[in-house]
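Work through the following exercises with the sequence and the coordinates side by side, and try each task before reading its solution.

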Amino acid sequence: MSVEGEGLEAGKRVLELTNPLALAGISSIFFITTYFSDYIIVPAKCKGQVVRALEDRGFQFEKGAEAYVNPAARHDRNRSSTSSFGYISPSPPQPTTIDELQTRTLALLERHGILPKVDDEIRLLQCAGRRNDSDGSPADEMALQVGLTKCFLYQPHFLSLTLTESEAASLLLDRRLIPNFEPNNVLLGNKEDFLVPIMLDLQPLPLDATGIVCGVAGKLAGSLTDSPLSTAIDISYLSTARTGTVMVKENDLDQAMDALRTEARSDAK
């Protein structure tokens, strides 16, 4: 499901999207922040439950955008709407507040020995290819394909590629791979604005674990009502089969790591 969060920073979008799904007890959620949009990947059997949870939060499906759109500050968060899809009641017990959800999630990570890790050599560029249109050049797409081929040949330390029917290719790229796309300037994005990936190895968790994205994002980006940090951190998130990756700006790295480690120590006591 593609979701647009116009008017919200990336970190707040992660929270707006994952909070209602986590409280609804929906597990096995994959979340992807791309250059253009946010994507939620959920089990097909939970589609109705996810749609209901998003609509209850104020998200509306816009056919023109082929995505769920949250009018941000313009919507009434207490409004509820019906859905054409069925609703599946979550299995109790479930957290009833965001604070409880965040506390339980981070305690779960601690019990399974899951600690945040950073590779000091990896810095990521969030960027996108140039989509061919009436003013575009097919050469741009060819140059992008050639650049990606070069990247794969050298077994990159970090490379994420998202392809959809409606948008141009979106990439999270180790900065050391940028020369593979030069000098054609086929990438959209600020080439000097890098992100640092904080990785969480989620393999030890049970398959039905819920609230992982929401719990981690809430600790860093702040809840919708109150931030646990002096300054909320803007984050992006990438789910893979084995790992949850939180991406923060370089100047926010120390604060983010301190927040996650402090929570882990306090939960262990």
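**Exercise 1: the setting of helix 2**

Seven of the 10 residues of helix 2 (residues 47-56) are buried in this predicted model, so the helix is largely enclosed by the rest of the structure. Identify which residues of helix 2 are buried, and then inspect the backbone just after the helix.

Solution. Begin with the cut-off, since a residue counts as buried when its relative accessible area is under 20%. In helix 2 the buried residues are Gly48, Gln49, Val50, Val51, Ala53, Leu54 and Glu55. Then move just past helix 2, where glycine 58 adopts a positive phi of about 110°.

**Exercise 2: a nonpolar surface patch**

Find which residues make the nonpolar surface patch of about 310 Å², and decide whether leucine 163 is buried or exposed.

Solution. The patch is made by Phe152, Leu161 and Leu163. Next, locate leucine 163, which lies in the loop between strand 8 (159-162) and strand 9 (170-174). Finally, leucine 163 has a relative accessibility of 62%, and it therefore counts as exposed, the threshold being over 50%.

Note on methods
Residues numbered from 1 in each chain as written. Predicted model: local features only at pLDDT ≥ 70, side-chain atom pairs only at ≥ 80, totals over all residues. Heavy atoms only, no water. Buried < 20%, exposed > 50% of the residue type's maximum accessible area, 1.4 Å probe, protein only. Helix = DSSP H or I, 4+ residues; strand = E, 2+ residues; numbered from the N terminus. Patch = residues over 30% accessible without salt bridge, like charges linked within 9 Å, V, L, I, M, F, W, Y side chains within 5 Å. Areas by Shrake-Rupley, 256 points an atom, 1.4 Å probe, with all protein chains shown as cover. Salt bridge = Lys/Arg side-chain N within 4 Å of Asp/Glu carboxyl O.
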